[in-house]
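This report covers selected features of a structure shown below. Please look at the sequence and the model before reading on.

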Amino acid sequence: MTSFPRNRWWVAGFSWELSSTPLARCLLGQHLVLFRTASGEVAALEDRCCHKELPLSMGTLEAAGLRCGYHGLLFDTQGRCIEVPGQQDVPARAKVRAFPLRERDQILWIWIGDTRDAQPEDEPPAYAFHADPRYRFGGGSFHYDAPWQLIHDNLMDLSHLGYVHLKTIGGNPAVHMNASLSVTGDTQHVKVVRLMPASAPPPTYTAAWPFTGLIDRWQEVDFRVSHVLVWTGGMDTGSGSLDDPARGGFHMRGFHGVTPETEHSAHYFWTVATNPHPDRKDVTQLVVDQTAATFEEDKVVIEAQWRNQQRFPGRAQIYLSIDAGPARARRMISALTAEPTPTVAV
Amino acid sequence: MTSFPRNRWWVAGFSWELSSTPLARCLLGQHLVLFRTASGEVAALEDRCCHKELPLSMGTLEAAGLRCGYHGLLFDTQGRCIEVPGQQDVPARAKVRAFPLRERDQILWIWIGDTRDAQPEDEPPAYAFHADPRYRFGGGSFHYDAPWQLIHDNLMDLSHLGYVHLKTIGGNPAVHMNASLSVTGDTQHVKVVRLMPASAPPPTYTAAWPFTGLIDRWQEVDFRVSHVLVWTGGMDTGSGSLDDPARGGFHMRGFHGVTPETEHSAHYFWTVATNPHPDRKDVTQLVVDQTAATFEEDKVVIEAQWRNQQRFPGRAQIYLSIDAGPARARRMISALTAEPTPTVAV
Amino acid sequence: MTSFPRNRWWVAGFSWELSSTPLARCLLGQHLVLFRTASGEVAALEDRCCHKELPLSMGTLEAAGLRCGYHGLLFDTQGRCIEVPGQQDVPARAKVRAFPLRERDQILWIWIGDTRDAQPEDEPPAYAFHADPRYRFGGGSFHYDAPWQLIHDNLMDLSHLGYVHLKTIGGNPAVHMNASLSVTGDTQHVKVVRLMPASAPPPTYTAAWPFTGLIDRWQEVDFRVSHVLVWTGGMDTGSGSLDDPARGGFHMRGFHGVTPETEHSAHYFWTVATNPHPDRKDVTQLVVDQTAATFEEDKVVIEAQWRNQQRFPGRAQIYLSIDAGPARARRMISALTAEPTPTVAV
């Protein structure tokens with residue numbers, strides 16, 4: 001069994017990925033087929049027909065469920081075989097394992113418990129900014145040939161911007177290195193807050209919002225086990241408090257679902273939302289495109305880092321002050337993975 | 001040693017595959033070079049020069065045999081080195097292992113015994129339909145990244161036609177699922193017969209033969225260890241008996257040589273022959289093309305099935321009534337592999 | 001630890017390979033980054049940042065050294081970290097291993113000792129023909145998916161010319177097989193000399209040099225552990241002695257650095273120099289191009305040989321008289337690898 005903190009909701013993808021064909025995806029070491037029936041129900045089954053073991057993801061969707069592409073066995077969303085072409089009765093053992101899959105605010109959440117009987121007692125988290133009329137958003141996903149926690153390291157340490165993203169959002173490395181920084185947290189969260197009061201607004205900001213001069217900028221990274229919320233933005237200096245959750249100005253809301261595929265590979269599901277100003281051109285698509293380009297740069301670095309860690313196995317890393325956030329996130333995951341598995345947790 | 005029933009003739013390919021260059025092919029775990037000398041003799045040698053181990057398949061063909069492409073050692077069809085450039089004498093140890101290879105009715109048959117000394121006592125089987133003036137034929141071969149017996153399962157169970165071959169020969173799944181079926185056999189054969197009396201002839205049949213109305217159709221699958229003969233066809237209802245081997249009508253004769261390459265890969269050598277009617281356009285090439293397209297579909301499914309079996313190791317399959325034929329073939333192979341190896345068998 | 005004779009200078013590449021970007025190269029099992037700083041100093045470091053393990057070869061070159069492409073740590077040519085962006089002090093452990101790298105006559109030589117403390121006491125060998133005004137040269141490199149000693153076997157046995165290089169320099173196999181041959185040597189050298197007095201000059205020779213008739217040809221292969229010097233040429237018969245090192249005529253000087261990458265892969269760094277005649281068109285580039293084409297042919301054969309040796313593990317080879325040179329080179333390497341590692345050797 002892989003060593004992930006199970007017994008919680010993980011991001012399995014986005015609603016718009018479920019189309020007229022089934023979707024094969026491996027999550028937490030489980031090879032799954034995700035699909036939506038013609039009646040609109042979503043489901044996640046083990047991606048293996050119980051008869052001759054063809055991937056069910058090679059099958060076809062019907063109103064009642066998913067039909068295997070080899071001998072035509074039909075499975076419902078609970079994994080029960082409900083038809084065997086060529087014989088009257090369906091054998092009692094004709095079933096495949098089903099996993100709880102929920103669709104909430106266009107995010108697909110899956111529960112893959114430590115045991116076959118572990119079931120969720122609560123619902124997966126809401127994500128308001130996918131449904132908030134003040135916001136527009138876009139997103140995508142990346143497959144990583146690298147362990148999931150290397151993506152955390154990257155997200156929790158924004159000091160790499162000046163080197164990895166030199167060509168896109170990097171700007172002056174010194175600015176990113178010298179911002180104020182606070183790291184706080186508990187057993188289920190790590191929060192990193194960087195404040196840059198009275199800064200010059202970057203070009204995307206001035207295009208999006210009618211700032212009058214210098215702005216107070218913020219970056220709040222709210223790390224949870226299965227996903228990371230990144231809230232960045234700026235408001236006219238003096239127009240409000242950086243402690244006020246309802247503060248005005250231009251906001252960018254990032255959702256980053258990082259789900260292990262295997263011990264050594266991961267899925268990265270992301271969206272970014274902005275609040276268009278009525279008097280300005282909507283920059284959401286521009287921000288989405290820039291974000292995708294930036295994440296491509298991260299992927300190149302992180303996958304190269306992982307390949308190199310495999311070329312130099314068992315070697316110690318040195319610790320720098322910029323590692324405070326990533327290190328805290330790792331300690332939190334480590335404690336959750338080691339502890340007796342809780343019945344329920346989010 | 002791989003666990004195949006050795007000590008028998010296996011299909012190594014077709015006569016037309018031996019051209020002016022040697023052919024590298026792995027059969028039953030043996031890496032071989034197959035070739036025909038300028039004098040017309042066919043041979044199978046271990047694909048390794050006994051000097052510096054270059055594959056002999058990289059060499060060149062001469063009248064006397066095959067010359068290695070590194071230092072020019074010349075080997076005859078028995079694997080004896082008969083010339084070493086640059087020195088007078090040929091060392092006694094300069095030889096490579098040779099395997100009996102026969103050419104009969106355009107099929108190449110090879111004998112790879114359990115031991116180096118095991119030799120065939122009989123000749124490989126004839127295949128009349130490659131030489132019968134009433135028939136025309138064509139064929140080809142496929143390489144499978146899947147174990148050979150998964151191909152048997154597919155051939156011995158025609159119920160998959162309606163799902164795998166939906167776009168080609170599939171037609172209505174219910175027709176294939178509900179035909180009459182008999183399964184018989186002994187220690188060296190399994191025979192599956194499906195009869196469909198008084199059926200409407202499919203389009204290829206009506207193009208090939210002047211049927212007057214409904215036809216009696218048959219499918220006879222004659223499974224042997226190394227190959228499968230599939231005889232299908234139809235005749236005007238009432239014009240003869242489905243038990244008469246000399247019955248009239250339109251006939252398709254399929255030859256399917258399935259030879260293990262390794263434990264986990266296989267070669268599939270096939271031909272299909274039809275009996276053109278003097279008053280109709282010959283449909284042989286059409287049938288050959290359709291067969292090739294159909295086998296491509298099988299290959300996609302079977303290789304995906306095998307990859308999935310590796311992703312889910314050690315998992316049990318459920319048994320359905322359509323598995324009667326495939327299961328009987330597997331039991332026969334299993335008995336032959338387990339039993340004390342016979343001196344001779346076909 | 002890999003079983004190469006360490007504690008000696010090995011060829012790491014050529015001067016012209018170090019440009020404005022760092023060069024990743026694995027030599028003797030060590031993953032290295034090779035680079036030249038803006039100030040002109042060359043260096044070889046372990047290709048792994050000591051912080052988060054990104055390959056340093058993904059970084060950027062500055063006057064002071066090499067800056068990592070993830071968090072911007074800056075390393076000098078000795079592997080010392082001299083700057084950590086975002087913090088004042090550089091941790092004492094922030095360093096990476098450096099290897100002695102020398103540049104001499106446009107060849108890069110590296111020392112990778114058996115131990116971390118093993119250091120060279122002498123300088124790497126000179127190679128006069130890269131600096132000799134009588135000569136012009138060109139060259140290149142090949143990566144081999146084959147163990148380094150298979151390249152030695154090929155270089156030390158020129159009898160393969162007639163078969164492997166049939167289409168390029170081969171000519172009549174019998175000529176190459178029947179030349180006079182002497183093999184001599186000591187613990188650090190093997191020398192193979194082949195003399196072909198009173199031969200017809202080949203086309204390249206007559207284009208390069210105003211020969212008047214038959215020529216005395218020589219091939220001298222001087223095998224050392226890390227590189228092989230191949231001196232071939234011809235002079236008018238009767239115009240001098242084949243024992244005179246200062247003899248006249250047309251000369252080709254080959255440098256062949258063969259450096260293990262891993263146990264099963266290698267780098268082949270080569271140049272060839274000729275002495276243009278004032279009255280003739282310079283054929284150096286033609287000879288370089290022919291050499292590159294010839295080495296491509298060797299690579300195809302040697303990599304196929306290695307793949308085949310892996311398909312037939314543990315099988316004995318037969319010994320032929322043409323194997324005298326290669327066998328002697330292998331015995332020399334074997335003795336050096338087995339013996340207690342010397343402090344210094346070239």
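The sections below describe domains, a sheet and a helix pair in this predicted model.

## Domains of chain A

The domain assignment divides chain A into domain 1 (9-111) and domain 2 (132-338). Taken over C-alpha atoms, the centres of domain 1 and domain 2 of chain A are 34 Å apart. Contact between them involves 9 residues of domain 1 of chain A and 9 residues of domain 2 of chain A.

On the side of domain 1 of chain A that touches domain 2 of chain A, β1 (9-14) and β2 (23-27) of chain A each supply at least two residues. β1(A) gives the most to this side, with 5 residues. By class, this side of domain 1 of chain A has 7 nonpolar and 2 polar residues, and no charged residues.

## A three-stranded sheet in chain B

Chain B has an open sheet of 3 strands in the order β1-β11-β10, with antiparallel pairing. β1 (9-14) and β10 (101-104) of chain B are the edge strands; each has a single partner strand, so one side of each is left without a neighbour in the sheet. From one strand to the next, the twist averages 35 degrees.

The antiparallel pairing of β1(B) with strand β11 (residues 107-111) of chain B runs over 5 bridges. B:Gly13 has B:Leu108 in β11(B) as its bridge partner.

## Helix packing in chain C

In chain C, helix α1 (residues 148-156) packs against helix α7 (residues 324-338) at an angle of about 140 degrees, and their axes are 8 Å apart. The contact uses C:Gln149, C:His152, C:Asp153 and C:Met156 of α1(C), and C:Gly325, C:Pro326, C:Ala329, C:Arg330 and C:Ile333 of α7(C). By class, these are 4 nonpolar, 3 polar and 2 charged residues. The crossing of α1(C) past α7(C) is right-handed.

Notes. Residues are numbered from 1 along each chain as its sequence is written. Chains are lettered from A and ligands numbered from 1 in the order in which they are written. This is a predicted model: local features need pLDDT of at least 70, side-chain atom pairs count only at pLDDT 80 or more; totals for chains, interfaces and linings use all residues. Axes are lines fitted to C-alpha atoms, for helices over the stretch in contact, and angles run from 0 to 180 degrees between N-to-C directions. Helices (H or I, at least four residues) and strands (E, at least two) are DSSP runs, numbered from the N terminus. A crossing is left-handed if the near helix is turned anticlockwise from the far one by less than a right angle, and right-handed if clockwise. Two residues are in contact if their C-beta atoms, placed from the backbone, lie within 7 Å. Ala, Val, Leu, Ile, Met, Phe, Trp, Tyr, Cys and Pro count as nonpolar, Asp, Glu, Lys and Arg as charged, and the others, Gly among them, as polar. Two strands pair if DSSP finds at least two bridges between them. Domain bounds come from an automatic or database domain assignment.
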